[in-house]
Amino acid sequence: MLIDEMKKVLANTFMFYYKAHAAHWNVEGMLFASLHQFFGTLYEDLHDAVDPIAEHLRALGVMAPVSLGSLLELSEIEEDTAVYEPREMIARLVAANDLVRASLHRARTDAETASEFGVVNFLEDRLDQHDKMAWILRSHLRRSEEHTSELQSHSDLVCRLLLEK
């Protein structure tokens, strides 16, 4: 049902927003500056999406969830309970984005069935944005793997040089 799926879209988007914001606050390490900026851009986009989702629910004739507890109950995204290393933060954001995308697809199908074409258009725009997020997040993971590999190669070289002496 469209309303139930839209509530999940709202809850999932809010949880994804909060994960991205927490990553922005807590990221550390050699890639701090670029990841801090990237996480900031990500959470700002997600924050800006929350209100229109809630407004679409209101236009469909229902109230938006009013408590964080209700959003947690509706969300398919698990709440983080620890601060993670940057690579794990990104992996968790990839997983959260995948869940948001799935809920957007379900809601879009339900909106089309209900002939709610304004909602369909809005959801398609959000899907485009989340597809781009998926690409960028996964690219960060690959970049992180390459960076780790480069550091390991450098470390191996230093160890070999030290052992040769």
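**Exercise 1. The largest pocket**

Find which helix gives the largest share of the lining of the largest pocket, then describe that lining.

*Solution.* 
Step 1. H1 gives the largest share of the lining, 7 residues. Note that this is a predicted model.
Step 2. Take the whole lining. The largest pocket is lined by 18 residues. Nearest its centre lie Tyr18, Lys19, Ala22, Glu79 and Asp80.
Step 3. Name the elements. Those giving two or more residues to this lining are H1, helix H3 (68-74) and helix H4 (86-113).
Step 4. Sort the lining by class. It has 13 nonpolar, 1 polar and 4 charged residues.
Step 5. The largest pocket has about 360 Å³.

**Exercise 2. H1 against H2**

Decide whether H1 is roughly parallel or antiparallel to H2.

*Solution.* 
Step 1. Locate the helices. H1 covers residues 2-26, and H2 covers residues 32-59.
Step 2. Read the geometry. The two pack at an angle of about 155°, and their axes are 8 Å apart.
Step 3. Apply the cut-off. Angles over 145 degrees count as roughly antiparallel, so H1 is roughly antiparallel to H2.
Step 4. H1 and H2 cross in a left-handed way.
Step 5. Sort the contact by class. The contact of H1 with H2 has 18 nonpolar, 7 polar and 1 charged residues.

**Exercise 3. H1 against H4**

Work out how H1 and H4 are oriented to each other.

*Solution.* 
Step 1. The axes of H1 and H4 come within 9 Å. They cross at roughly 160°.
Step 2. The cut-off of 145 degrees applies again. H1 and H4 are therefore roughly antiparallel to each other.
Step 3. The crossing of H1 past H4 is left-handed.
Step 4. By class, the contact of H1 with H4 has 14 nonpolar, 5 polar and 6 charged residues.

**Exercise 4. H2 against H4**

Decide whether H2 is roughly parallel or antiparallel to H4.

*Solution.* 
Step 1. H2 and H4 pack at about 20°, with axes 12 Å apart.
Step 2. Angles under 35 degrees count as roughly parallel, so H2 is roughly parallel to H4.
Step 3. The crossing of H2 and H4 is left-handed.

Terms used:
Residues are numbered from 1 along each chain as its sequence is written. This is a predicted model: local features need pLDDT of at least 70, side-chain atom pairs count only at pLDDT 80 or more; totals for chains, interfaces and linings use all residues. Side-chain values use heavy atoms; hydrogens and water are left out. Axes are lines fitted to C-alpha atoms, for helices over the stretch in contact, and angles run from 0 to 180 degrees between N-to-C directions. Helices (H or I, at least four residues) and strands (E, at least two) are DSSP runs, numbered from the N terminus. Angles under 35 degrees count as roughly parallel, over 145 as roughly antiparallel, 65 to 115 as roughly perpendicular and the rest as oblique. A crossing is left-handed if the near helix is turned anticlockwise from the far one by less than a right angle, and right-handed if clockwise. Ala, Val, Leu, Ile, Met, Phe, Trp, Tyr, Cys and Pro count as nonpolar, Asp, Glu, Lys and Arg as charged, and the others, Gly among them, as polar. On a 1 Å grid over the protein atoms alone, a cavity is a set of points where a 1.4 Å probe fits but cannot get out, and a pocket is an open set with protein on both sides within 12 Å along at least five of seven lines; lining residues have an atom within 4 Å of a point. Grid points are joined across faces, edges and corners, and a volume is the space filled by probe spheres set on the points.
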